[in-house]
Amino acid sequence: MEAIVTIENLRKYFDIKKSIFSKPRKVKAINDISLNIPRGSIFSVVGESGSGKSTLGRLILKLIEPTSGKICFEGEDITDLGSKDLIKYRREMQIVQQDPYNSLHPRKLIKDIVGEGLKIHYKLPSDEIYVRIKEILERVGLREEHMFRYPHEFSGGQRQRIAMARALVLRPKFLVLDEPTSALDVSVQARTLALLKELKESLELTYLFITHNLAVVDYIATHVTVMYLGKIMELGSKDEIFSNQKHPYTMSLLEAIPSVGRGKRIRKIPRGEIPSPLDPPKGCLFHTRCVQAMDICSKEEPDEIEISKGHLCRCHLYS
Ligand SMILES: Nc1ncnc2c1ncn2[C@@H]1O[C@H](COP(=O)(O)OP(=O)(O)OP(=O)(O)O)[C@@H](O)[C@H]1O
């Protein structure tokens, strides 16, 4: 499948200072990541808090600058584009964030929230803008009359639909969904996920779907990337990762969701804390929590190994 987004050796290091007297230290939020996001996929990024998922999404959208590496969109290198040259890509790549309560301006009407991007990006007459806003609201299950209301008049699920409409009104090709349902009630989550799936098909979109919830991944994803402390531990098609996972970290994540039940059962991995990203372990980043760790794991970092076509794993068990 042709890639819509390609990333090569991407790094993002943040300088952190604990106090004015201490030397700055680096958090390697994204540490040498390469991947291809196939057009039309729901490419899911999973991992515990702090693994670098949101940073990856924001780098691809060029909301933050990488420390090094390359980002291509539809074959074009966009890594070094300035804000003027990025305008076209800003339309084509959009984001929907987790929190539908804080992401919508409380004192703006829905028509102005949804229509803001249209005014920035297109010089359309106001009646056409009106029609586009009305159409996209209907597309996400809202109505024309909702255009004249304020965010506080809506439920969490409806607000998330408004945020989706705001992104989709620009007719993007690629959407970063950063934990789009985790702030919603379970029943609303299911309906929102079904809507996202339907919109992906009918509007021919590609999603980068960020979540820590593997049950959600099981429902929606076509591809899965498992991240840990800024690195990819395992990557493959959803079916391959759920039925033939190789990395002990992936296994531990899958074991935590009984509803999936397709994961191979292995001994439980201790639930120990994720190490500080300021002081990551030497060797394999996961070895301090891995029940299958061997001598080599604390000494040498494993390379990425191709288990089968499109299925990559970074673990000494397979080298
Ligand atoms: N602007 C920033 N300045 C300093 N450190 C940052 C910044 N943004 C992210 N980080 C650090 O980078 C690492 C990765 O953060 P990121 O938010 O990408 O992780 P995540 O997997 O999305 O986590 P979560 O699920 O909690 O959102 C963390 O250690 C975080 O503290």
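## Helices α5 and α6

The crossing of α5 and α6 is right-handed, a label used when the near helix is turned clockwise from the far one by less than a right angle, with anticlockwise giving left-handed. Helix α5 covers residues 156-168 and helix α6 covers residues 186-202; their axes come within 10 Å and cross at roughly 20°. Axes here are lines fitted to C-alpha atoms, for helices over the stretch in contact, and angles run from 0 to 180 degrees between N-to-C directions. As for the names, helices (H or I, at least four residues) and strands (E, at least two) are DSSP runs numbered from the N terminus.

Who touches whom? On the α5 side you'll find Gly156, Gly157, Gln160 and Leu168, and they meet Val188, Arg191, Thr192 and Leu199 of α6. Contact means that C-beta atoms, placed from the backbone, lie within 7 Å. Sorted by class, the contact of α5 with α6 has three nonpolar, four polar and one charged residues. In that scheme Ala, Val, Leu, Ile, Met, Phe, Trp, Tyr, Cys and Pro are nonpolar, Asp, Glu, Lys and Arg are charged, and the others, Gly among them, are polar.

Alanine 194 also sits in helix α6. It counts as exposed because it has 12 C-beta neighbours inside 10 Å; the cut-offs are 12 or fewer other C-beta atoms within 10 Å for exposed, 20 or more for buried, and partly exposed in between, again with C-beta atoms placed from the backbone. Alanine 194 is 26 residues from isoleucine 220 in sequence, and their C-alpha atoms are 8.3 Å apart in space.

## About the model

What you're looking at is a predicted model, where local features need pLDDT of at least 70 and side-chain atom pairs count only at pLDDT 80 or more, while totals for chains, interfaces and linings use all residues. Residue numbers start from 1 along each chain as its sequence is written.

UniProt, in an unreviewed entry, places the feature "domain: ABC transporter" at residues 5-254. Its positions are given in the numbering used here, feature names are shortened, and annotations may be inferred rather than shown by experiment. Over residues 5-254 the chain is 38% helix and 26% strand, with 27 Å between the end C-alpha atoms.

## Helix α3 and its partners

Helix α3 (residues 110-121) and helix α4 (residues 126-139) have axes that come within 10 Å and cross at roughly 115°. This crossing is right-handed too. Lys111, Val114, Gly115 and Leu118 of α3 make the contact with Ile129, Arg132, Ile133, Ile136 and Leu137 of α4. By class, that contact has six nonpolar, one polar and two charged residues.

α3 also packs against α5, at an angle of about 30° and with the axes 7 Å apart. Here Ile110, Ile113, Val114 and Gly117 of α3 meet Ile162, Ala165 and Arg166 of α5. The residues of this contact split into five nonpolar, one polar and one charged. Which residues of α3 are buried? They are Ile110, Ile113, Val114, Gly115 and Leu118, and what covers them includes α4 and α5.

Is helix α1 enclosed or open? Seven of the eight residues of α1 (residues 53-60) are buried, so this helix is largely enclosed by the rest of the structure. The buried ones are Lys53, Ser54, Thr55, Leu56, Gly57, Leu59 and Ile60.

Next comes lysine 62, in the loop between α1 and β4 (68-73). Lysine 62 has a positive phi of about 60° although it is not a glycine. Most residues other than glycine have a negative phi. Lysine 62 is buried, because 20 other C-beta atoms lie within 10 Å.

Glutamate 74 is in the loop between β4 and β5 (76-77). It isn't a glycine either, yet glutamate 74 has a positive phi of about 50°. With 15 C-beta neighbours inside 10 Å, glutamate 74 counts as partly exposed.

Phenylalanine 148 lies in the loop between α4 and α5. Having 10 C-beta neighbours inside 10 Å, phenylalanine 148 counts as exposed. Leaving out residues up to four places away in sequence, phenylalanine 148 touches Leu109 and Lys111. Valine 217 is 69 residues from phenylalanine 148 in sequence and 35 Å from it in space, C-alpha to C-alpha.

Methods
Contact = placed C-beta atoms within 7 Å.
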